[in-house]
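Good morning, colleagues. Please turn to the sequence and the structure, and we shall go through some of the charged side chains together.

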Amino acid sequence: MVPTAGDALSVPSAEVVKSELELDYEDYFNPAWFNDETFVEEVFTYGEISIVLCGLSWDTVQSGLGYSRIGHTLWAAGHFLANFLYHHLGLIQGKRILEIGCGLGLTGLLAGKLVDNPGNVVLTDGDKNILDALQRNIDRNFPERTPVEAGPRSNSQRPACSVLVWGEDVEEFRKQYGQFDVIIGADVLYTEASLKSLVATFCLLLNSEANSIVLVAFQTQYGGQLRDTFLGIASERLIGEQLEWNSSEVKLLKSSGDDSVDLELWRLTWKR
């Protein structure tokens, strides 16, 4: 049973958690860590729309139990970007939308609630072990809608989710899902080594229409260190523009601390 927002957290004992240096891949992404006793729920509200998000609390991830858990919580730019979409519906209505590095899927789930056809939204992450939590969140927020196979002309009444590792099998992904009018990503600038693959993935999956856009939001503390490198790599095909957006609230998943952080939002369009 999924716990309610008021339930206490249960975390692995010290004997269960190995040193990160000792972990092989299967241990490093151990699905047994992510069970109903560990997960919490919280409701994120945008006007009349509520998104129920289930995952690890921010406090649990920050407690030092392992880098492998960072995708199983909500980072600040996710709520920031979701707020932006809520107030700029015209950017996504009637469009095919892809979220990359979605983690628990807050921003993509809200997009699915905002648009007329939720089947036009595909949520992706490079960590296959996040997909169970992501699918749970889709089921929780679209409970009475029958899933169908997603594709370029999907008429599903719920978003789809899939593994997408930047720069790997992107052509196969495009054959199955097609290209997109809008690509969104929150806190996806985190290692310099991934930036070329990230930009290449944008260029393969963004359709060629002049009004197609990529929206990337990130915490300045982390992504700001990679911003110039990212924009430089992208500049061969895409033009970046920083958008002024001051969200009134930054919210994390079950955080007991100060959530205030500096955030940036960038729009990328095709170079003409």
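Arginine 174 forms a salt bridge with glutamate 171, with the closest N and O atoms 2.9 Å apart; a salt bridge here is a side-chain nitrogen of Lys or Arg within 4 Å of a carboxyl oxygen of Asp or Glu. Both residues belong to helix 6 (residues 170-177), three residues apart, about one turn of the helix. Helices (H or I, at least four residues) and strands (E, at least two) are DSSP runs, numbered from the N terminus.

This is a predicted model, in which local features need pLDDT of at least 70 and side-chain atom pairs count only at pLDDT 80 or more, while totals for chains, interfaces and linings use all residues. Residues are numbered from 1 along each chain as its sequence is written, and side-chain values use heavy atoms, leaving out hydrogens and water.

How exposed is arginine 174? Its relative accessibility is 27%, so arginine 174 counts as partly exposed; buried means under 20% relative accessible area, exposed over 50%, and partly exposed in between (1.4 Å probe, protein chains only). Glutamate 171, at 39%, is also partly exposed.

Glutamate 172 is partly exposed at 47%, whereas lysine 175 is exposed at 63%.

Elsewhere, aspartate 139 and arginine 158 form a salt bridge of 2.4 Å, N to O. Aspartate 139 lies in helix 5 (residues 131-141) and arginine 158 in the loop between helix 5 and strand 5 (160-163), so the pair ties together parts 19 residues apart in sequence.
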